[in-house]
Amino acid sequence: MNLVRRRIAAAVCGVLGAGALASGALAATAAGGVLRPAEKRSIERLLDRFVPAAVERQHPLRAYELATPGFRAGTSRAQWARGELPVQPYLARGRQFHGITFVHRIGGRIVFELMLQPRPGSKLGAISFSVAVERVRGRWLVDAFAPSATFAPPGSTSRILAAPDYGPHAGPDDAKGRLGAAWLAVPAAVVLLVLLVPLGFLGRHWLRERRAMRAAGGPGPIPPGPRRDGGHASHST
């Protein structure tokens, strides 16, 4: 039994260790790399074209050429021309969109946050987008463009709403100020994995012991013990 307990403890430690390594790798990735000034200028020029064309829906077909093949996957040029593209619409203020907060980079892929402000008179607040750009054949192209948070409009109660469940065709008014189920599924899956791995190991070990006992013919008969009246158990002949 001690051997079983040691194996279960080892399995639990392995699961927790794997989780720690994954968290460490994500942290290292998030902290890695820099955004060079020349790259930042090129990306800002890309955003000055992409935001009006795609986000504001002024010329969505022009935005098609500014997106990577991976970002366009599952959609056609005709859909982009009709405004059916995987980017949430938003009417932003200004003509330059340089509010970049660098997050991390992996090779030729750079991830950053882009803050957009609403146009004057709008009832909406500012919105932050998580954006990924990738260098393809010497050009920077948009590879992801998803809302990450919305802010209350000026003059209203201050609040920030995380929006992981924004749809690509939904406007900011359609977003709900609550966390999506995916945010709760990740920690629940980790806890469930930690519980199921040791239980599965224990169950497999128990089945192996049962099969071994059956193969050996099972335990022998229990010898008769003394009777309570002081006599001895009788044996049938």
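**Close-up views of a predicted model**

**View A. A charged group lies over an aromatic ring.** In this predicted model, the charged end of Arg72 is placed over the ring of Tyr64, at 4.3 Å from the centre of that ring.

**View B. Strands E1 and E2 form an antiparallel hairpin.** Strand E1 covers residues 100-106 and strand E2 covers residues 109-116; the two run antiparallel and are joined by six bridges. Within this pairing, Arg105 stands opposite Ile110 of E2. Two residues lie between the strands of the hairpin, and Gly107 adopts a positive phi near 60°.

**View C. Phe50 and Phe145 form a tilted aromatic pair.** The model contains four aromatic pairs. In one of them, Phe50 and Phe145 have a centre-to-centre distance of 5.4 Å and an angle of 40° between their planes, and the pair is tilted. Phe50 belongs to helix H2 (residues 37-55) and Phe145 to strand E4 (residues 139-151), so this pair ties together parts that are 95 residues apart in sequence. Both Phe50 and Phe145 are buried.

**View D. Phe71 and Trp80 form an edge-to-face pair.** The ring centres of Phe71 and Trp80 are 6.3 Å apart; their planes stand at 85°, over the 60 degrees required, so the pair counts as edge-to-face. Phe71 is buried, as is Trp80.

**View E. Three phenylalanine rings form a cluster.** Phe50 and Phe145, the tilted pair of View C, belong to a cluster that also includes Phe129. Ring pairs provide the links among these residues.

Conventions
Residues numbered from 1 in each chain as written. Predicted model: local features only at pLDDT ≥ 70, side-chain atom pairs only at ≥ 80, totals over all residues. Heavy atoms only, no water. Pairing = 2+ DSSP bridges. Helix = DSSP H or I, 4+ residues; strand = E, 2+ residues; numbered from the N terminus. Phe/Tyr/Trp six-rings, centres within 6.5 Å; stacked < 30°, edge-to-face > 60°. Buried < 20%, exposed > 50% of the residue type's maximum accessible area, 1.4 Å probe, protein only. Lys NZ or Arg CZ within 6 Å of the ring centre and 35° of its normal.
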